[in-house]
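Please look at the sequence and the structure first.

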Amino acid sequence: MANWKAGILGTGSALPDQVLTNADFERMVDTSDEWIVTRTGIRERRVAKPEEATSDYALLAGQRALERAAVDPADLDLILCATVTPDMMFPSTASLVQDRIGAKRAGAMDLSAACTGFLYAVSAAAAFVESGQCRRVLVVAADLLSRITDYTDRKTCVLFGDGAGAVVVGEVPADHGFQAFDLGSDGSGGHYLYLPAGGSRQPASEHSVGGRMHFLKMEGQETFKFAVKAMAASAERVLATAGWGRDDIDLLVPHQANIRIIEAARKRFDLPAEKVAVTIDKYGNTSASSIPIALDEAVRGGRVGPGDRVVMVGFGGGLTWGAAAVRL
Ligand code: UT7
């Protein structure tokens, strides 16, 4: 057996400065701070400036992860960017980052798995590294959901925020690194969470713009039920594959969609609050970037460090789900 595995060499994140509070939403739609806090746990979220784009935050998060990993951008072999809000349909946001970050030797591609995108991307990165095809891969998850949020729809607009998170994946000693992954999809539930227009099925037209079809649509309750089940099942499977028990978890990093979904996962694994990363109160649901942002904050805040066992778990449009067990 090889004496190394793929693992995380460094983490980074980037968030816009501009804050949108629940009080701001009380002025925009028929809602209240009390409803938003009790139903979702969100108090505020960040939104990018109109002139900014996803790659601006992907770049910053990527630079910070490279700095912490002490990896030169020129030594990257591949950049994977998980996003459902790319700067444009193509070129990929990963290619825009590749140029601006100075990763002269790296290949680049985007990957689309909605809020689960980061877990799909790190899993792919680990496979690239363990196959020997790449030595160092930059994984960036970045989304500006404000760009596809309908700020007249109170059922969705209060939930989402903008941000980016990144990790550098490379070789680590075999008792560290990624110990297991679990990825899954149930496309029959795709209509619970989707963006109707702007693709080949319904290209942009006056009709699609007038019908507000370039904004995200969601069946909240159906997504909620799916999320609670999918997160528990996926985390159970990844623990079993890694050969870890619940007591081995030093930190659970769940996708940040709703504090009630996070609480359900915490109770299911019987974890104390200090073993669960929560950022939803500050940033809302930042889609693919929520897990790497929470992981980066935990690392920078000293909540986890070398040798600690982290389980990341998420769900999202597709419908998709995923989990990863990693020893830092
Ligand atoms: O990243 C993955 C994406 N999304 C998710 O994970 C979301 C999963 N779902 C959820 O988090 C929850 O379902 C929501 C937070 C979206 C909604 O919470 P809920 O407890 O499921 O509420 P509901 O949809 O059952 O709505 C209850 C009531 C409704 O009013 P009526 O019909 O009972 O009179 C809604 O119209 O709350 C109303 N409502 C609101 N009221 C004030 C919905 N949104 C709002 C709002 N402010 N922002």
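The text below covers a pocket, some aromatic contacts, a helix and a loop residue.

The model is predicted, so local features need pLDDT of at least 70 and side-chain atom pairs count only at pLDDT 80 or more, while totals for chains, interfaces and linings use all residues. Residues are numbered from 1 along each chain as its sequence is written, and side-chain values use heavy atoms, with hydrogens and water left out.

**Pocket**

The second largest pocket has a volume of about 200 Å³. Its lining includes Ile8, Leu9, Gly10, Thr11, Arg68 and His176. Strand S1 (residues 4-14) gives the most to this lining, with four residues. By class, the lining has six nonpolar, four polar and one charged residues. At least three lining residues come from each of domain 1 (4-175) and domain 2 (179-327); the domain bounds come from an automatic or database domain assignment.

**Aromatic contacts**

The whole structure holds four aromatic pairs (ring centres of Phe, Tyr and the six-membered ring of Trp within 6.5 Å; stacked if the planes are under 30 degrees apart, edge-to-face if over 60, tilted otherwise). One of them is stacked: Phe25 and Tyr151, at 6.2 Å centre to centre and 25° between the planes. This pair links distant parts of the chain, with Phe25 in helix H1 (residues 22-28) and Tyr151 in the loop between strand S6 (137-144) and helix H6 (154-157), 126 residues apart. Elsewhere, Phe226, Phe315 and Trp321 form one aromatic cluster. Arg309 lies over the face of Trp244, at 5.6 Å from the ring centre (CZ of Arg or NZ of Lys within 6 Å of the centre and within 35 degrees of the ring normal).

**Accessibility**

Buried means under 20% relative accessible area, exposed over 50%, and partly exposed in between, with a 1.4 Å probe and protein chains only.

| Residue | Relative accessibility | Class |
|---|---|---|
| Phe25 | 0% | buried |
| Tyr151 | 24% | partly exposed |
| Ser188 | 55% | exposed |

Ser188 lies in the loop between strand S8 (177-185) and strand S9 (193-194). Its C-alpha atom is separated by 35 Å from that of Gly170, 18 residues apart along the chain.

Helix H11 (residues 290-300) is mostly covered, with eight of its 11 residues buried. Among these buried residues are Ile291, Pro292 and Asp296. Gly302 follows H11 and has a positive phi, near 80°.

How values were computed. On a 1 Å grid over the protein atoms alone, a cavity is a set of points where a 1.4 Å probe fits but cannot get out, and a pocket is an open set with protein on both sides within 12 Å along at least five of seven lines; lining residues have an atom within 4 Å of a point. Grid points are joined across faces, edges and corners, and a volume is the space filled by probe spheres set on the points. Helices (H or I, at least four residues) and strands (E, at least two) are DSSP runs, numbered from the N terminus. Ala, Val, Leu, Ile, Met, Phe, Trp, Tyr, Cys and Pro count as nonpolar, Asp, Glu, Lys and Arg as charged, and the others, Gly among them, as polar.
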